[in-house]
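Hi,

Here is the structure I promised to pass on to you. Have a look at it first, then read my notes below.

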Amino acid sequence: MKFFFFHLMPYAALDPDYDQKYNSAWVTLPNSYYDPKIGHELYNRYLDELEYADTVGFDGICVNEHHSNAYGMMPIPGVMAGALARRTKNCKIAVLGRALPLLNNPLTVAEEFAMLDTITGGRLIAGFVRGIGAEYHAWGANPAESHDRFHEAHDLIIQGWTRPGPFAFEGKYYHFNYVNVWPRPYQQPHPPVWIPSQGSRETIEWAAHPDRKYTYLQTFSPVQALARYMQMYRETADRYGWQAGPENVGWAIPTYCAETDEIAKREAKAHIEFFFNKLLRMPQEMLLPPGYLSLASMQGVMAAKRTLSGGVQTIDDLMEKAIFLCGSPATLREKLEQYQAQIGFGYLLPTMQFGTLPHELVKKSTDLFANEVIPHFRGKADKQPARVSA
Amino acid sequence: MPHQESFVTVAGCKTRLMRGGSGEPLLFLHGARGASAWLPFWETLSKRFEVIVPEHPGFGGSDMPDWLDNTSDLAYFYLDFIDALKLTKVNLAGVSLGGWIAAEIAVRDDSTLKTMTLIAPAGIHVKGVAKGDIFMWSREEMTHNLFHDPAFASAALAIPPSEAEQFNEMKNRLATAKLGWQPRLYNPDLYKWLHRVQVPTLIVFGDDDKVIPPAYGPAFQKLIPGSQLEIIKDCGHAPQIEKAQELAQTMTSFIEARR
């Protein structure tokens with residue numbers, strides 16, 4: 001199993017009482033809630049935490065993209081990746097944006113990623129996402145075009161990286177006479193592509209297509225849902241006639257490690273509850289604008305989503321559903337070993353900072369995880385769950 | 001005669017429509033919420049007109065055709081629809097999104113039209129006058145913001161929708177987003193060509209419209225030569241429900257004055 005330190009860079013100084021006046025930390029929450037001086041401190045602290053992860057043995061670090069919100073302060077993740085490109089030396093850098101349908105010109109991403117890949121000598125992992133529903137409200141991008149634009153922008157970027165330029169691109173949304181990406185990516189034919197999603201059948205079917213075989217990442221979902229979606233990926237691959245391995249699936253999950261289970265829970269409680277109850281708070285209309293999901297999958301995911309953004313959740317709820325990993329190194333080793341064997345993921349993306357978790361605790365948890373959890377999995381082959389159909 | 005439901009295929013799209021009454025044709029184009037059930041308003045009009053209420057391609061019982069991208073597509077679709085049904089001297093009416101489509105039809109070709117009624121129409125943008133954010137509102141907020149009199153909202157919300165109705169609502173929201181998410185419920189080019197409209201046009205707004213503020217009424221009137229503006233008192237964005245009798249009467253008088 002490979003370990004990627006995932007940061008969301010929340011605005012941790014958010015007034016927790018904001019929700020007495022506003023129904024979400026996204027889109028409509030006035031940016032007067034944000035203090036630039038505190039932002040300066042937080043950005044630099046968070047970058048330190050990512051850089052630190054490189055020095056203690058994580059395989060990679062991840063940055064992320066969201067707009068107009070207090071949940072994550074990386075609207076332009078390439079800025080963060082650029083800052084990290086030169087300060088880190090070993091780890092992969094995964095940019096788990098970019099939200100392609102929000103872009104007027106997806107070639108900006110082809111360029112940006114190629115630059116990062118070149119500076120780092122091939123340490124970039126290219127994430128392509130559709131963004132969450134709130135992004136379509138914030139950016140004015142039409143959610144009814146989300147899937148089509150995503151596919152077309154993806155095709156344009158991959159062609160820009162792999163076809164000799166200049167060539168003409170004639171799409172429905174994007175038209176160019178001269179696609180000619182300078183620089184070309186360092187990794188050939190192109191950087192690995194990861195597809196983070198919260199579990200849409202369309203996305204899984206698309207990522208598992210034999211033309212792509214992209215690594216699918218399940219983000220912030222209960223472990224049961226995780227198992228279901230990864231099974232779906234494997235079955236899709238089977239149907240296409242190829243066998244998906246651990247390298248094709250990953251799990252992103254907030255994680256906290258402390259000396260004992262009891263200490264871990266006590267220290268994490270306020271911060272993880274802030275994360276789920278304050279930062280992730282948004283009404284259904286914001287989360288799932290029309291067209292973001294197909295009509296067919298809309299109803300199912302709406303039901304599953306209620307566990308994520310509906311109602312106040314306690315640390316016990318979150319731990320029970322394993323939407324939050326929390327405990328001593330021994331507990332985390334045991335749980336991860338068990339989940340890995342059951343579900344077969346080859347990447348774990350622990351979000352080691354979440355909500356209001358302060359730097360000292362992030363560092364303590366990161367150290368324990370790096371020293372006592374990660375080494376346990378080194379040199380061990382990832383397990384694959386038994387195949388239902390041969 | 002009670003109204004009839006049927007399907008017609010136009011431009012490759014299987015389209016559901018309701019028709020009732022007899023007399024001059026009155027083609028009514030529904031708003032973002034679709035037209036699944038026959039309204040008392042249409043029943044009233046059907047005493048005097050042959051009322052034809054299609055569901056737009058992409059909405060409710062009609063198919064979502066591959067060609068549907070914007071209201072321009074729907075304008076040409078309805079020109080085909082008028083031809084296919086061999087309608088002449090059409091009294092065209094539309095509410096909200098339907099009013100926008102009606103205006104798009106009229107700037108292209110109003111030769112088959114006798115009159116046009118735009119009820120709380122979308123389609124243009126007035127700088128500095130904010131429209132309601134229909135995509136951010138919950139079902140409850142949306143229903144309340146549609147009406148002036150909260151009793152209408154309470155009545156509408158009293159009966160929870162069936163699963164089929166919920167699916168229809170989702171389908172209608174999707175089609176509305178497709179047509180009007182960005183730019184939000186208008187065509188930036190439409191205002192430039194509304195001077196082409198020669199058909200006698202009536203514009204109706206409720207004085208308490210929280211979706212498209214009544215300030216849009218005078219803006220439309222200025223753009224359509226010779227058009228007439230009626231503001232209905234104590235009325236929100238759905239005069240066809242909240243002030244059905246008054247609206248039917250206003251429309252009928254307007255149409256009858258132009259025989």
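In chain A, the charged end of Arg130(A) sits over the ring of Tyr292(A), at 4.3 Å from the ring's centre. Chain B has a case of this kind too: there, Arg258(B) lies over the face of Phe254(B), and the distance to the ring centre is 3.9 Å. Keep in mind while you click around that this is a predicted model.

Next, rings with rings. A pair of aromatic rings is described by how far apart the centres are and by the angle of the planes. Over all chains, the count comes to 35 aromatic pairs. One of them is Phe150(A) with Trp206(A), which is edge-to-face: the centres are 5.1 Å apart and the planes are at 70°. Where do these two sit? Phe150(A) is in helix H5 (residues 146-162) of chain A and Trp206(A) is in helix H6 (residues 201-207) of chain A, so the pair ties together parts that are 56 residues apart in sequence. Both Phe150(A) and Trp206(A) are buried.

Another edge-to-face pair is Tyr256(A) with Phe354(A), with 6.2 Å from centre to centre and 85° between the planes. Tyr256(A) belongs to strand E9 (residues 249-257) of chain A, while Phe354(A) is in the loop between strand E11 (347-351) and helix H13 (359-377) of chain A, so here the pair ties together parts 98 residues apart in sequence. Are these two buried or exposed? Tyr256(A) has a relative accessible area of 0%, so it is buried. Phe354(A) comes out at 1%, so it counts as buried as well.

There is also an aromatic cluster, formed by Phe3(A), Phe5(A), Phe58(A), Phe369(A) and Phe377(A).

Now for the place where the chains meet. On the chain A side, 18 residues are in contact with 15 residues of chain B. About 1500 Å² is buried between chain A and chain B, and carbon and sulfur atoms give 69% of that area. How many salt bridges are there between chain A and chain B? The count is 1. Asp69(B) forms a salt bridge with Lys172(A), and their closest N and O atoms are 2.7 Å apart. Across the interface of chain A and chain B, 6 residue pairs are in polar contact. On the side of chain A that touches chain B, the elements giving two or more residues are helix H4 (133-139), helix H9 (284-287) and helix H10 (295-309) of chain A. The largest share on that side comes from H10(A), with 3 residues.

Note on methods. Residues numbered from 1 in each chain as written. Chains lettered and ligands numbered in written order. Predicted model: local features only at pLDDT ≥ 70, side-chain atom pairs only at ≥ 80, totals over all residues. Heavy atoms only, no water. Phe/Tyr/Trp six-rings, centres within 6.5 Å; stacked < 30°, edge-to-face > 60°. Helix = DSSP H or I, 4+ residues; strand = E, 2+ residues; numbered from the N terminus. Buried < 20%, exposed > 50% of the residue type's maximum accessible area, 1.4 Å probe, protein only. Lys NZ or Arg CZ within 6 Å of the ring centre and 35° of its normal. Contact = heavy atoms within 4.5 Å. Buried area = accessible area lost by both parts, 1.4 Å probe. Salt bridge = Lys/Arg side-chain N within 4 Å of Asp/Glu carboxyl O. Polar contact = N/O pair within 3.5 Å; in protein donor to acceptor, adjacent residues only side chain to side chain.
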